[in-house]
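Here is a short report on one protein chain.

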Amino acid sequence: MLVVDPYNNRKYETLSYLPPLTDEQIAKQVEYIIRQKWTPCIEFDRCGGVHRRNFCGSGCYYARSWVMWKLPMFGCQDAASVLREIAECAKIYPDCFIRVLGFDAKRQVQVAGFLVKKPSV
């Protein structure tokens, strides 16, 4: 049984295979990020997938990141503020994909990430 079409199935972020998340579902994911003492960050991109603009050789991650929406939300204590920032980003960039990331300052890495908005095409 073929589960996904490997050629015509764009790969997006975690949870992107689900129907669009409600604000309540997004808030629960963000609350988890905050409980773990990770820093929420919002990013957006027109392409929405992992892509390279320039070839730099194997293992090169240059030009594969999305555009950061403002600064990471250091010290964020409530999911509502993240939801407001998502809404503001979506209002200004309605044709973009938007994702929320969680960064662990101790390990200095991204430890969570999920898609919160796809453009209506």
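## Burial and surface

Buried residues account for 41% of the 121 residues in the protein. The model is predicted. Its accessible surface is about 8400 Å². Carbon and sulfur atoms hold 56% of that surface.

## Elements and contacts

The protein has two helices and four strands. Read from the N terminus, the order is α-β-β-α-β-β.

Take contacts between residues at least 6 apart in sequence: 61% of them join residues at least 24 apart.

## Helix α2

Helix α2 covers residues 79–92, 14 residues in total. From first C-alpha to last, α2 reaches 20 Å. That is close to the 20 Å expected at 1.5 Å a residue.

Which residues of α2 are buried? They are Ala-79, Ser-81, Val-82, Glu-85, Ile-86, Cys-89 and Ala-90. An α-helix has 3.6 residues a turn, so residues three or four places apart point the same way. The buried residues of α2 pack against helix α1 (23–35) and against the strands β1 (39–45), β2 (67–69), β3 (97–104) and β4 (109–117).

## Salt bridges across the chain

The structure contains five salt bridges. One joins the side chains of Glu-43 and Arg-99, at 2.6 Å from N to O. Glu-43 sits in strand β1 and Arg-99 in strand β3, so this pair links distant parts of the chain, 56 residues apart. Are these two residues buried or exposed? Glu-43 counts as buried because its relative accessibility is 8%, under the 20% cut-off. Arg-99 counts as buried too, also at 8%.

Asp-95 and Arg-46 form another salt bridge through their side chains (2.8 Å, N to O). Asp-95 lies in the loop between α2 and β3, and Arg-46 in the loop between β1 and β2, so the pair ties together parts 49 residues apart in sequence. Asp-95 is partly exposed, at 36% relative accessibility. Arg-46 is exposed, at 57%.

## Other charged pairs

Arg-107 and Asp-104 also meet in a salt bridge, with 2.7 Å from N to O. Arg-107 is exposed, with a relative accessible area of 53%. Asp-104 is buried, with a relative accessible area of 11%.

Lys-70, Glu-85 and Glu-88 are linked in a network of salt bridges. Glu-85 is one of the buried residues of α2.

Note on methods. Residues are numbered from 1 along each chain as its sequence is written. This is a predicted model: local features need pLDDT of at least 70, side-chain atom pairs count only at pLDDT 80 or more; totals for chains, interfaces and linings use all residues. Side-chain values use heavy atoms; hydrogens and water are left out. The expected span of a helix is 1.5 Å times one less than its number of residues. Buried means under 20% relative accessible area, exposed over 50%, partly exposed in between (1.4 Å probe, protein chains only). Contact means heavy atoms within 4.5 Å. Accessible areas come from the Shrake-Rupley method with a 1.4 Å probe; for residues, only the protein chains shown count as cover. A salt bridge is a side-chain nitrogen of Lys or Arg within 4 Å of a carboxyl oxygen of Asp or Glu.
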